[in-house]
Amino acid sequence: PIKPRPRRILVVDDEENVAFALQSSLQKLPNCQVAVEMSGDQAFARMQLQPFDLMITDYKMPGMDGMTLAARVRQAYPQTAIVMLTAYADEDLHEQAERASIQRVLDKPIKLAQLRSVALETLEGKSET
């Protein structure tokens, strides 16, 4: 049997300890490669080098915030699923997320098991379309 290509996940968070905790948790998922970037600009540059199946981004970051990043990624790479993490969720943010076609908005602090199940659901949902 041909091994399916690994699914690529990009984690974007300006807090290094958060980014690496998310990365190590997501690496437990079957057949997934997880990369980390610390800023929206770096994440977008990384996307241009290699597409990702799923981007998990923080909302509040210095420079390009998660919503701007998500909008740019959505436009350039419509096939990439996007999950946003935020400690600042409100109605307005959820509406913006919906307009940007962000699959899920999750509240921080997030339980790593929940993040893994959302990542899997999002990747599975993506592969069916």
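**Helix burial and a loop threonine**

The buried residues of helix 2 are covered by elements that include strand 1 (7-12), strand 2 (32-37), strand 3 (54-58) and helix 3. The model is a predicted one.

**Helix 2**

- Helix 2 spans residues 40-49, and its buried residues are Gly40, Ala43, Phe44 and Met47.
- Viewed down the axis of helix 2, these buried residues fall within an arc of 95 degrees, so they line one face of the helix.
- An α-helix has 3.6 residues a turn, so residues three or four places apart point the same way.
- Gln48 and Leu49 are exposed on the other side of helix 2.

**Helix 1**

- In helix 1, which covers residues 16-26, the buried residues are Ala19, Leu22, Gln23, Ser25 and Leu26.
- The buried residues of helix 1 lie within an arc of 165 degrees when seen down its axis, so they line one face of the helix.
- Glu16 and Asn17 are exposed residues on the face of helix 1 turned away from its buried side.

**Threonine 80**

- Threonine 80 is found in the loop between helix 3 (66-76) and strand 4 (81-86).
- Buried means under 20% relative accessible area, and threonine 80 counts as buried because its relative accessibility is 1%.
- The side chain of threonine 80 reaches the backbone oxygen of phenylalanine 52 at 2.8 Å.

How values were computed: Residues are numbered from 1 along each chain as its sequence is written. This is a predicted model: local features need pLDDT of at least 70, side-chain atom pairs count only at pLDDT 80 or more; totals for chains, interfaces and linings use all residues. Side-chain values use heavy atoms; hydrogens and water are left out. Buried means under 20% relative accessible area, exposed over 50%, partly exposed in between (1.4 Å probe, protein chains only). Helices (H or I, at least four residues) and strands (E, at least two) are DSSP runs, numbered from the N terminus. The arc is that of the directions from the helix axis to the C-beta atoms. A polar contact is a pair of N or O atoms within 3.5 Å; within protein, one must be able to donate a hydrogen and the other to accept it, and residues adjacent in sequence count only if both atoms are side-chain atoms. Contact means heavy atoms within 4.5 Å.
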